[in-house]
Amino acid sequence: MHELGITQSIVEIALRTAAGQQAKKIHSVTLEVGSLAGVVAEALEFCYEACSQDSLLEGSVLIIEEIQARARCRDCAAEYPLTDLLACCPVCNSAASDLVCGEEMRIKEMEID
Ligand SMILES: [Zn+2]
């Protein structure tokens, strides 16, 4: 289950950030996840609870915001939301496209004391 490894790095980054700001408590961590990042939100939340125990993160909430993947057509340069990887351009029907976003995963913000 690769969500565990992902969660561990999120927790690590969050704790390091909090330590840098001399936080006493972390209330929530907001995570942006691209729709093509290949992670299951429920699994992340489950692992987060386990990974955050006995740390500043204990009791905090993991908020997951999904970012809709977008592609740019190589033929007509139209940008369109990518709901599945085999989608064609809605303007010219070309299948040649580049991914604009959708695979990223990063901490967007943290609420700390
Ligand atoms: Zn096109």
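Start by selecting helix 1 and helix 2: their axes come within 9 Å and cross at roughly 55 degrees. Keep in mind as you look around that this is a predicted model. Are the two helices parallel, perpendicular or oblique to each other? An angle under 35 degrees would count as roughly parallel and one from 65 to 115 as roughly perpendicular, so this pair is oblique. The crossing of helix 1 and helix 2 is right-handed. If you wonder why both numbers are quoted, packed helices are described by the angle between their axes and the distance between the axes.

**Stop 1: where the helices meet**

Show the side chains on both helices. From helix 1, the residues at the meeting place are Glu3, Leu4, Ile6, Thr7, Gln8 and Val11. From helix 2, they are Ala43, Leu44, Cys47, Tyr48 and Cys51.

Now pick out glutamine 8, which sits in helix 1.

**Stop 2**

Select residues 41-51, which make up helix 2. Which of its residues are buried? Colour Leu44, Cys47, Tyr48 and Cys51, and you have them. Turn the view until you look down the axis of helix 2: these buried residues fall within an arc of 110 degrees, so they line one face of the helix. Here is a handy rule to go with that view: an α-helix has 3.6 residues a turn, so residues three or four places apart point the same way.

What do the buried residues of helix 2 pack against? Show helix 1 (2-20) and strand 2 (61-67), and you will see their partners. Then look at the face of helix 2 turned away from the buried side, which carries the exposed residues Glu42 and Ala50.

**Stop 3**

Strand 2 leads us on to a sheet. It is an open sheet of 3 strands in the order 2-1-6, with mixed pairing. Its edges are strand 2 and strand 6 (105-112); each has a single partner strand, so one side of each is left without a neighbour in the sheet. From one strand to the next, the twist averages 20 degrees.

Zoom in on strand 1 (residues 26-34), which runs parallel to strand 2 and is joined to it by 7 bridges. To see one place where they line up, select serine 28: it stands opposite valine 61 in strand 2.

**Stop 4**

Select strand 3 (residues 70-73) together with strand 4: they run antiparallel and are joined by 3 bridges. Click on arginine 70, and then find its bridge partner in strand 4, proline 81.

**Stop 5**

Cysteine 76 is in the loop between strand 3 and strand 4. It has 11 C-beta neighbours inside 10 Å, so cysteine 76 counts as exposed. Which residues does cysteine 76 contact, leaving aside its neighbours within four places in sequence? They are Cys89, Val91, Cys92 and Ser94. Try the distance to serine 94: the two C-alpha atoms are separated by 8.5 Å, with the residues 18 apart along the chain.

For the last two picks, remember that most residues other than glycine have a negative phi. Glutamine 22, in the loop between helix 1 and strand 1, has a positive phi near 50 degrees. Aspartate 54, in the loop between helix 2 and strand 2, has a positive phi of about 55 degrees. Are these residues buried or exposed? Glutamine 22 counts as exposed, with 7 C-beta neighbours inside 10 Å, and aspartate 54 counts as exposed with 7 such neighbours.

Methods. Residues numbered from 1 in each chain as written. Predicted model: local features only at pLDDT ≥ 70, side-chain atom pairs only at ≥ 80, totals over all residues. Pairing = 2+ DSSP bridges. Helix = DSSP H or I, 4+ residues; strand = E, 2+ residues; numbered from the N terminus. Buried ≥ 20, exposed ≤ 12 C-beta atoms within 10 Å, placed from the backbone. Arc of directions from axis to C-beta. Contact = placed C-beta atoms within 7 Å. Axes fitted to C-alpha atoms, helices over the stretch in contact; angles between N-to-C directions. Parallel < 35°, antiparallel > 145°, perpendicular 65-115°, else oblique. Left-handed = near helix turned anticlockwise from the far one by under 90°.
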